[in-house]
Amino acid sequence: MFLEQTIKQDRELIEKAFMLHQKGQIMPDSYVIDVDTFLDNSKAILQAANNNGMDCYFMLKQVGRNPFLARKLVDLGYKGAVVVDYKEALIMMKYHIPICNVGHLVQVPKSLLQKFVDYGCDYYTVYSYQKILDLNQCGKASNKKLKLMIRVTDNNDMIYSGQTAGFYLDQLKELVNKVKELDYVEIKGLTSFPCFLYDESLEKIAATNNLKTLLKAKEILESLGINIDNINAPSTSSVETIKEMQPYPINSIEPGHGLSGTTPLHALQQCAEKPCVVYVSEVSHNFDGLAYCYGGGHYRRSHVKNALVGKTIEDCKKVNVIVPTDESIDYHFGLSENCQENDTVIMAFRFQIFVTRSNVVLLSGLKSNNPKIEGIYNSLGDEVKYE
């Protein structure tokens with residue numbers, strides 16, 4: 001999906017990925033991240049957000065909840081992380097990373113709520129009244145008043161399978177009346193997902209119906225005396241998306257794939273951010289006219305099409321990739337022709353590293369021609385040490 005753009009915009013990453021794999025410094029089933037470009041992308045998004053009065057909460061599930069990158073982003077000036085689930089929150093807490101929004105798509109289990117409240121999160125996204133009651137109890141125990149971010153929905157909104165949740169607009173009045181009776185929580189934010197997506201027919205980023213619901217919810221709550229200080233409008237956040245957000249009263253965004261230059265828009269055109277992640281594998285064997293490379297990093301929505309196979313970028317060939325079926329374990333990726341065993345395989349596709357079993361290799365110094373592996377991590381943010 002991103003191979004051609006990566007060749008055009010970050011050829012050095014591909015060159016060094018070939019070299020490091022051939023030297024045995026990178027294992028198959030590794031995502032390699034050009035840290036310098038990742039941070040340049042992050043600066044561009046942060047600057048655009050600041051210029052438009054928006055807070056930036058970074059999301060790192062896509063790159064494996066990586067704590068090294070999290071610290072770099074905080075040092076750049078990001079307020080902190082948005083965590084898609086409680087497991088990601090625990091990684092951020094382990095490394096003392098500020099958390100701006102917890103519960104983004106997965107509410108915090110009751111047994112962990114007090115831990116998170118004691119740690120201190122700016123907003124708690126909720127979509128059930130019981131969770132609000134649980135948070136109220138935790139706020140009482142810590143003597144803190146907690147900010148709720150209410151996830152809202154309506155009949156024509158988009159909700160991805162596995163993410164079904166939200167308060168309907170016609171439930172908000174009753175919800176407000178109930179929350180007003182609680183002493184340690186207050187409604188201060190609203191969110192929905194996805195609020196912006198790439199529209200193929202328009203060939204641009206466009207608002208979804210979810211954003212209309214979000215703004216209507218704001219009107220309803222303000223008519224009930226609730227002052228909303230954070231309209232949170234995530235999905236595909238990048239410099240181009242921020243341009244589309246300008247007409248709306250949006251307070252916070254959550255760049256994830258934008259940080260790595262890997263939103264759908266980045267596959268089609270050059271944007272302010274550059275693609276800076278490649279997937280590295282190795283030819284394992286040939287069988288019946290096809291080659292197979294080591295898998296482990298397959299994501300069902302990857303849209304992977306091609307791979308470079310060889311020992312260097314100069315001598316490599318481009319082949320088609322045959323992905324495993326969704327009901328199968330991705331032990332291998334298929335390649336469309338016989339290839340030399342042990343050759344390096346480079347791909348660039350849409351990823352969600354935290355749902356794979358891949359390694360994450362952080363590579364800095366490409367811009368100064370002084371490449372250095374900053375660290376190797378597993379897909380869940382733990383550093384990997386090879387003895």
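Author: Let's start with a term: a residue is called buried when its relative accessible area is under 20%, exposed when over 50%, and partly exposed in between (1.4 Å probe, protein chains only). By that rule, buried residues make up 57% of the 387 residues in the protein chain. The model is predicted, so local features need pLDDT of at least 70 and side-chain atom pairs pLDDT 80 or more, while totals for chains, interfaces and linings use all residues. Residues are numbered from 1 along each chain as its sequence is written, and side-chain values use heavy atoms, with hydrogens and water left out.

Reader: Why is alanine 217 called buried?

Author: Because its relative accessibility is 0%, and the cut-off is under 20%. Alanine 217 sits in helix α9, residues 209-223; a helix here is a DSSP run of H or I with at least four residues, a strand one of E with at least two, numbered from the N terminus.

Reader: Which residues does alanine 217 touch, leaving aside neighbours within four places in sequence?

Author: Val152, Leu169, Leu172 and Leu190. Contact means heavy atoms within 4.5 Å.

Reader: And asparagine 66, buried or exposed?

Author: Asparagine 66 is buried, because its relative accessible area is 0%. This residue lies in the loop between β2 and α4, and beyond four places in sequence asparagine 66 contacts Leu60, Val360, Leu362 and Tyr377.

Reader: What makes aspartate 85 a cap for α5?

Author: A side-chain oxygen of aspartate 85 lies 3.3 Å from the backbone nitrogen of lysine 87, at the N-terminal end of α5. Just after α5, histidine 96 has a positive phi of about 60°.

Reader: Which residues of α5 are buried, and what do they pack against?

Author: In α5 (residues 86-94), Glu88, Ala89, Ile91, Met92 and Met93 are the buried ones. They pack against β2 (55-58), α4 (67-76), β3 (80-83), β4 (99-102) and α6 (110-119).

Reader: How many helices and strands does the protein chain have, and how do you know how compact the chain is?

Author: The chain has 11 helices and 20 strands. Its radius of gyration is 22 Å, close to the 21 Å that the globule rule gives for 387 residues, so the chain is as compact as a globular protein of that length. The radius is taken over C-alpha atoms, and the rule is 2.2 Å times the number of residues to the power 0.38. Along the principal axes, the C-alpha atoms fill a box of roughly 70 × 50 × 40 Å.

Notes. A polar contact is a pair of N or O atoms within 3.5 Å; within protein, one must be able to donate a hydrogen and the other to accept it, and residues adjacent in sequence count only if both atoms are side-chain atoms.
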